[in-house]
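The model itself is shown first.

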Amino acid sequence: MYISNETPEQTESRLRSVITAAELRVLPGEYAFVERPVSSFPYDLVSQSLALVRDNDVWSALVPSSQPGDERFVVFSFHFTPGQDNSGFVGWLASSLKRTLGTGVFVVCGQNSSRGGVFDYWGAPAGLRENVLNALARLRSGT
């Protein structure tokens, strides 16, 4: 992993160029986490899951949801430009959204070597969808 040696101002400038160059995709609808016991892999959820993560007790699947009782999220993803230093991006964007919107986010990362390496799925409360998208647009436009 590459480690940048730069000032905070240089980091801010670099990460603003990273978000501008990255491919942003906003997924339609809303998503929620569904839990299943770790002893029983959730085969029935695989085809609709964006992510499957487990701890010692449960499998957690991120799936589309319209259920009123679910904690639902707007989900968006970033694929990064190959060769561009995106180190620190997750912390930078999460902090920016917290400052701007007052909310935390979740991030699930994956790897796609043919599309620049690491990619991120981000989730924020579904009720803030427009605010999140506006904040992302401002960051991507440099304002």
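Q: What joins β3 to β4, and through how many residues?
A: A hairpin of three residues connects β3 to β4. This is a predicted model, in which local features need pLDDT of at least 70 and side-chain atom pairs count only at pLDDT 80 or more, while totals for chains, interfaces and linings use all residues. Residues are numbered from 1 along each chain as its sequence is written, and side-chain values use heavy atoms, with hydrogens and water left out.

Q: How many helices and strands does the protein have, and what counts as one?
A: The protein has three helices and seven strands. Helices (H or I, at least four residues) and strands (E, at least two) are DSSP runs, numbered from the N terminus. Along the sequence they follow the pattern α-β-β-β-β-β-α-β-β-α.

Q: Why are α1 and α2 called roughly perpendicular?
A: The axes of helix α1 (residues 8–21) and helix α2 (residues 89–101) cross at roughly 90° and come within 11 Å. Axes are lines fitted to C-alpha atoms, for helices over the stretch in contact, and angles run from 0 to 180 degrees between N-to-C directions. Angles under 35 degrees count as roughly parallel, over 145 as roughly antiparallel, 65 to 115 as roughly perpendicular and the rest as oblique. The two helices, α1 and α2, are therefore roughly perpendicular to each other.

Q: Which residues of α1 and α2 meet?
A: Glu12, Leu15, Arg16, Val18 and Ile19 in α1 meet Phe89, Trp92 and Leu93 in α2, where contact means heavy atoms within 4.5 Å. By class, this contact has six nonpolar, no polar and two charged residues. Ala, Val, Leu, Ile, Met, Phe, Trp, Tyr, Cys and Pro count as nonpolar, Asp, Glu, Lys and Arg as charged, and the others, Gly among them, as polar.

Q: Why is threonine 103 called buried?
A: Buried means under 20% relative accessible area, exposed over 50%, and partly exposed in between (1.4 Å probe, protein chains only). Threonine 103 has a relative accessible area of 11% and is therefore buried. This residue, threonine 103, is found in the loop between α2 and β6. Not counting residues up to four places away in sequence, threonine 103 touches Leu97, Lys98, Pro125 and Leu128.

Q: What makes arginine 115 partly exposed?
A: Arginine 115 has a relative accessible area of 33%, so this residue is partly exposed. Arginine 115 lies in the loop between β6 and β7. Its C-alpha atom is separated by 7.0 Å from that of proline 82, 33 residues apart along the chain.

Q: How do you know that β6 and β7 pair?
A: Strand β6 (residues 106–112) and strand β7 (residues 117–125) share seven bridges in the antiparallel sense. The bridge partner of asparagine 112 in β7 is glycine 117. Four residues lie between the strands in this hairpin, where glycine 116 takes a positive phi near 95°.

Technical notes:
Two strands pair if DSSP finds at least two bridges between them.
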